[in-house]
Amino acid sequence: MSSLQQLLDDALVRLRCADTDLQDVEVKDASRGTPGALPDLVSAFATGTGGLLILGLSEAHGFEPTAIDASALADAVASICANDVEPPVRPDIDICSVDSMPVVVVSIDELPVDKKPCHVRSKGL
């Protein structure tokens, strides 16, 4: 089992218990493609204390998996992290599974103090 799969499994228990997103875990449905808020989420986690982004779970339906194009989402996340935020962020990205369905898990580390704040390039500081 990958380390991101273990993080996902642990986070899923916490999410379902809390019945909401957590300070260090953000969930997006992503069944309609790449969420528009993704650059802002990456920036917030990188500037803050880091966090786990999970694409392909529905908060509205008890954190059940949704139908996603996992490969395309993983590629989109990597591109956003490299091109849409400043400084670029290099997260761990993996396609894991929940109830035998794929989800994209992104672990974003906190940036070093001298690299903060991370911001969305199109919005500037």
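These questions and answers set computed values against the definitions behind the labels.

The model is predicted: local features need pLDDT of at least 70, side-chain atom pairs count only at pLDDT 80 or more, and totals for chains, interfaces and linings use all residues. Residues are numbered from 1 along each chain as its sequence is written, and side-chain values use heavy atoms, with hydrogens and water left out.

Q: Why is the pair Arg14 and Asp24 called a salt bridge?
A: A salt bridge needs a side-chain nitrogen of Lys or Arg within 4 Å of a carboxyl oxygen of Asp or Glu. The closest N and O atoms of Arg14 and Asp24 are 3.0 Å apart, so the pair qualifies. By this rule there are seven salt bridges.

Q: What does the pair Arg14 and Asp24 tie together?
A: Arg14 lies in helix α1 (residues 3-18) and Asp24 in the loop between α1 and β1 (25-28), so the linked parts are 10 residues apart in sequence. Helices (H or I, at least four residues) and strands (E, at least two) are DSSP runs, numbered from the N terminus.

Q: Why is Asp99 called exposed?
A: Exposed means over 50% relative accessible area, buried under 20%, and partly exposed in between (1.4 Å probe, protein chains only). Asp99 has 52%, so Asp99 is exposed. Arg16 has 34%, so Arg16 counts as partly exposed.

Q: Which residue forms a salt bridge with Asp99?
A: Arg16 does, with the closest N and O atoms 4.0 Å apart. Asp99 sits in the loop between β6 (92-98) and β7 (101-108), and Arg16 in helix α1, 83 residues apart.

Q: Why do Lys116 and Glu110 count as partly exposed?
A: Lys116 has 27% relative accessibility and Glu110 has 39%. Salt bridges that share partners join Arg16, Glu64 and Asp99 into one network.

Q: How many bridges join β1 and β2?
A: Four, in the parallel sense, with β2 covering residues 51-55. The definition asks for at least two, so β1 and β2 pair. Leu53 in β2 is the bridge partner of Glu26.
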